[in-house]
Amino acid sequence: MSKDQVWLNDYPKAFADAISFGGTCIKKDKDGSVYADNIKYFTDLKTALVEEIKNLVDIGAYSKVTGAVSKLHRIAKDDVGSYFLKAAAEYNTGDKGTAKITTADAYARLDLVTSVEGWRPIDLEMLRLGIIEFCKSQILLNQKPKAVDLLGKVKVWFEDDEEFMLYYCEIMGC
């Protein structure tokens with residue numbers, strides 16, 4: 001409803017409200033049961049946010065990407081890919097100090113991932129987007145070895161992903 005043009009005039013802040021209330025719900029849901037019972041709603045909300053983020057990345061609006069990622073963190077605080085994307089956006093806007101902190105956080109979160117089995121497709125899509133954009137930013141900063149290392153770490157999870165493998169081969173020279 002929040003993205004439907006029919007309701008836009010009557011409820012202009014519906015999408016922002018959905019994110020805000022979703023985040024509040026998750027914060028107060030100590031045992032995770034409400035989240036588990038409504039996983040489809042939270043997945044739909046995350047999907048809409050990721051679509052918005054992808055559109056911002058496509059047009060190069062990196063200052064807006066950091067804000068959109070902050071919205072995503074309200075409903076998906078542990079999303080690893082979003083931290084890599086946020087770091088890339090910070091590097092691309094010239095905020096290197098914050099980007100270094102975000103990068104360290106992203107790598108720490110990635111180190112905790114032992115398997116992506118059981119991840120939703122939207123979680124994998126966000127991880128792929130974050131990794132690719134982060135690697136692009138590293139290459140622009142003449143840090144190709146860091147990009148190569150990161151791509152090597154996550155390749156096992158994306159061997160069947162055509163978009164990732166195209167980028168991987170472009171960088172690795174397959």
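For the legends below, Ala, Val, Leu, Ile, Met, Phe, Trp, Tyr, Cys and Pro count as nonpolar, Asp, Glu, Lys and Arg as charged, and the others, Gly among them, as polar. The model is predicted, so to speak of local features we ask for pLDDT of at least 70, and side-chain atom pairs count only at pLDDT 80 or more, while totals for chains, interfaces and linings use all residues. Residues are numbered from 1 along each chain as its sequence is written, and side-chain values use heavy atoms, with hydrogens and water left out.

View 1. Helices (H or I, at least four residues) and strands (E, at least two) are DSSP runs, numbered from the N terminus. Lysine 40 is exposed at 58% relative accessible area, and aspartate 44 is partly exposed at 42%. Buried means under 20%, exposed over 50%, and partly exposed in between (1.4 Å probe, protein chains only).

View 2. Glutamate 163 meets arginine 128 in a salt bridge at 3.4 Å, N to O. The pair links distant parts of the chain, 35 residues apart, with glutamate 163 in helix H10 (residues 162-172) and arginine 128 in helix H8 (residues 121-140). Arginine 128 is buried at 13%, whereas glutamate 163 is partly exposed at 46%.

**View 3. The second largest pocket.** About 190 Å³ of space lies here. On a 1 Å grid over the protein atoms alone, a pocket is an open set of points where a 1.4 Å probe fits, with protein on both sides within 12 Å along at least five of seven lines, and lining residues have an atom within 4 Å of a point. Grid points are joined across faces, edges and corners, and a volume is the space filled by probe spheres set on the points. Arg128 and Glu163 are among the lining residues. Helix H8 gives the largest share, five residues, and the lining has five nonpolar, no polar and six charged residues.

**View 4. The largest pocket.** Its volume is about 450 Å³. Of its 18 lining residues, Ile75, Ala76, Lys77, Asp78 and Asp79 lie nearest the centre.

Note on methods:
A salt bridge is a side-chain nitrogen of Lys or Arg within 4 Å of a carboxyl oxygen of Asp or Glu.
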